[in-house]
Amino acid sequence: LKTAPQSAVQPADARESLGDFLRIACGRETGPKRDLVALNCGVVFYLTDRAPSIAAGVELAIQRLTSGEVEAKLVTLVEQMGSPEVFEAARREYLSP
């Protein structure tokens, strides 16, 4: 992980925050915003004995984000409890090139 200024991770508004969330959860974000999420997850993995160290937890989080595992779980959650149509529209808006 690399350090970054607060401005690199702080969203400007709710729309940007939603886009950031989708890019991170779907494995498209590789910058400081993804690193911040991976660091938080790494601490949780370590504290819950799912990783032997924070660094190992960060690596596990990055691997899960980049492998598509997080995206697949999000899709399943939306299918079970949310609105798949709204989710697909957001994916088109925020994840299309």
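The buried residues of helix H3 pack against H1, helix H2 (32-47) and H4. Buried here denotes under 20% relative accessible area, with exposed over 50% and partly exposed in between (1.4 Å probe, protein chains only). Contact denotes heavy atoms within 4.5 Å. The model is predicted: local features need pLDDT of at least 70, side-chain atom pairs count only at pLDDT 80 or more, and totals for chains, interfaces and linings use all residues. Residues are numbered from 1 along each chain as its sequence is written, and side-chain values use heavy atoms, with hydrogens and water left out.

The buried set of H3 consists of Gly-57, Val-58, Ala-61, Ile-62 and Leu-65. Seen down the axis of H3, these residues fall within an arc of 135°, so they line one face of the helix. The arc is taken over the directions from the helix axis to the C-beta atoms. H3 covers residues 54-67, and its 14 residues should span 20 Å at 1.5 Å a residue; the end C-alpha atoms are 20 Å apart, which agrees. The expected span is 1.5 Å times one less than the number of residues. Just after H3, Gly-68 adopts a positive phi of about 95°.

The protein chain holds five helices and zero strands. Its elements run α-α-α-α-α from the N terminus. Helices (H or I, at least four residues) and strands (E, at least two) are DSSP runs, numbered from the N terminus. The C-alpha atoms fill a box of roughly 40 × 30 × 20 Å along the principal axes. Of the 97 residues in the chain, 29% are buried. Among contacts with a separation of 6 or more, 49% join residues 24 or more positions apart.

H4 (residues 69-81) packs on H1 (residues 14-25) at about 120°, with the axes 8 Å apart. Axes are lines fitted to C-alpha atoms, for helices over the stretch in contact, and angles run from 0 to 180 degrees between N-to-C directions. H1 and H4 are therefore oblique to each other. Angles under 35 degrees count as roughly parallel, over 145 as roughly antiparallel, 65 to 115 as roughly perpendicular and the rest as oblique. Phe-21, Leu-22 and Ala-25 of H1 meet Val-70, Glu-71 and Leu-74 of H4. This contact has five nonpolar residues, no polar and one charged. Ala, Val, Leu, Ile, Met, Phe, Trp, Tyr, Cys and Pro count as nonpolar, Asp, Glu, Lys and Arg as charged, and the others, Gly among them, as polar.

H4 also packs with H5 (residues 84-95), at about 145° and with axes 8 Å apart. Here Glu-71, Leu-74, Val-75, Val-78 and Glu-79 of H4 meet Pro-84, Phe-87 and Arg-91 of H5. Five nonpolar, no polar and three charged residues form this contact.
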